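Dear colleague,

Please find below the structure for your review. A short account of the findings follows it.

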Amino acid sequence: MIIEYDFVIIFGFAQVDSMNKHGILLEVVQILTDLDLTITKAYISSDGGWFMDVFHVTDQHGQKISDNRTIEYIEKALGPKGNTSGILKSSAGKRVGLNSVGDCTAIELIGRDRPGLLSEITAVLANLHINVAAAEVWTHNRRIACILYVNDDTTNRAVDDASRLSAMEEQLKNILRGCGVDDDDNVARTSFCVGSTHVDRRLHQLLFADRDYEGGCLETGMDCSVKPNVTIERCEEKDYLVVTVSCKDRPKLMFDIVCTLTDMQYVVFHATISSDGPYATQEYYIRHMDGCTLEKQLGEKEKVIKCLEAAIRRRISEGLSLELCAKDRVGLLSEVTRVLRENGLSVTRAGVTTVGEQAMNVFYVSDASGKPVDAKTIEELRKEIGHTMRVNVEKAPMDKKALESSGWAKTGFFFGSLLEKFLP
């Protein structure tokens, strides 16, 4: 691997050469995005069992990479002596599974979303004397997917008592079902994780399995005019399917697309990624692993398009971003989500983590009716919780003019600062 620090003024340049295998492109992109690096351009080429990937990357502020620990980590992970699979398994803070975040139990939740649902979930856990050490929450098309890392609020150890786990599972399932009338397992599912999967990838898998890509733009207040433009054509000469994606640029966009293609059993042979101001264009030359073409599978082309659109929209951050930082304590998350609910706010996406004694939470919120959050509500929030924690409020631009003037705000929940603690 070659890293050229001064390839251009604001870009780092990473080149990766290795034997090609299914999923290796996703592993490479995953390593870069977990370090909060923004991929501004990329060129992917693989055929005959080998691949060469070229990435132009910056830090999350658009500057070239200057931190030596980050550069050394990339070289270790992606260099000729590196082992991507081994590195990924040791990436702290981004794995799903028992003991993934300290001594915790990981829980997966999937169900129908509704205003105040996250508050109800955290209240149930608090009543069971269960502390939430970290969490990631996504909502899309009126569905919610959560991965929660929990432990006993007294011992700070993972919950391993069978009766407590059973009670927790049953109560959470009832909350996800609403009134508990519908016993259909497709309405809500709760499970304890025993495998080891990347958090973001697992959330994509949960929502994909829940078929959240069906139904178009169902979210209240979601602007369907910003729908990604996804097309699929056939390259007769090489028997490739050419997937072209045009949409607003944002962090982790390439990861979300490559993750979806990989989990749908498609192999990326060539790709070109570029960003032009606030917009991005990505083109992928793919084949299915079993060699079948879309023409042989009725409706498969439409399904791939819908799944890619859904994967892109799941992480779109519209509306208000609340960044809360406070000394961690039992019941903190339950208290914060209760305040949000009582002020008529719905959580569309959330990232929760604990570093030492500090709890760092990021919530993307909107009015329960889908309208923008007004200044009065923001002020009430500051009054109610500002005396116990630091509150930072940001608004993600939604219209074209605002995007162009801001260069597409990259507000969000980042794990790069956590990963730095584990860099050699």
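**Lys173 and its surroundings**

Leaving aside residues up to four places away in sequence, Lys173 touches Ala188 and Thr190, where a contact means heavy atoms within 4.5 Å. Lys173 and Ala188 are 15 residues apart in sequence, and their C-alpha atoms are 6.2 Å apart in space. Lys173 is buried, with a relative accessible area of 16%; buried means under 20% relative accessible area, exposed over 50%, and partly exposed in between, with a 1.4 Å probe and protein chains only. Lys173 belongs to helix H5; helices (H or I, at least four residues) and strands (E, at least two) are DSSP runs numbered from the N terminus.

**Basis of the model**

This is a predicted model, in which local features need pLDDT of at least 70 and side-chain atom pairs count only at pLDDT 80 or more, while totals for chains, interfaces and linings use all residues. Residues are numbered from 1 along each chain as its sequence is written, and side-chain values use heavy atoms, with hydrogens and water left out.

**Packing of H4 and H5**

Helix H5 (residues 162-177) packs against helix H4 (residues 117-127) at an angle of about 160°, with the axes 10 Å apart. Axes are lines fitted to C-alpha atoms, for helices over the stretch in contact, and angles run from 0 to 180 degrees between N-to-C directions. H4 and H5 are therefore roughly antiparallel, the term for angles over 145 degrees, whereas those under 35 count as roughly parallel, 65 to 115 as roughly perpendicular and the rest as oblique. On the H4 side the contact is made by Leu117, Glu120, Ile121, Val124 and Leu125, and on the H5 side by Met168, Gln171, Leu172, Ile175 and Leu176. These residues divide into eight nonpolar, one polar and one charged.

**Helix H1**

Helix H1 (residues 24-34) is mostly covered, with 11 of its 11 residues buried. Glu27 and Asp34 are among the buried residues of H1. Just after H1, Asp36 takes a positive phi of about 60°.

**Cysteines and overall figures**

The structure holds zero disulfides, a disulfide being a pair of cysteine sulfur atoms within 2.5 Å. Cys259 is buried at a relative accessible area of 0%, and Cys325 also counts as buried, at 13%.

The protein has 12 helices and 18 strands. Of its 424 residues, 52% count as buried. Among contacts between residues at least 6 apart in sequence, 72% join residues at least 24 apart.

Yours sincerely

How values were computed. Ala, Val, Leu, Ile, Met, Phe, Trp, Tyr, Cys and Pro count as nonpolar, Asp, Glu, Lys and Arg as charged, and the others, Gly among them, as polar.
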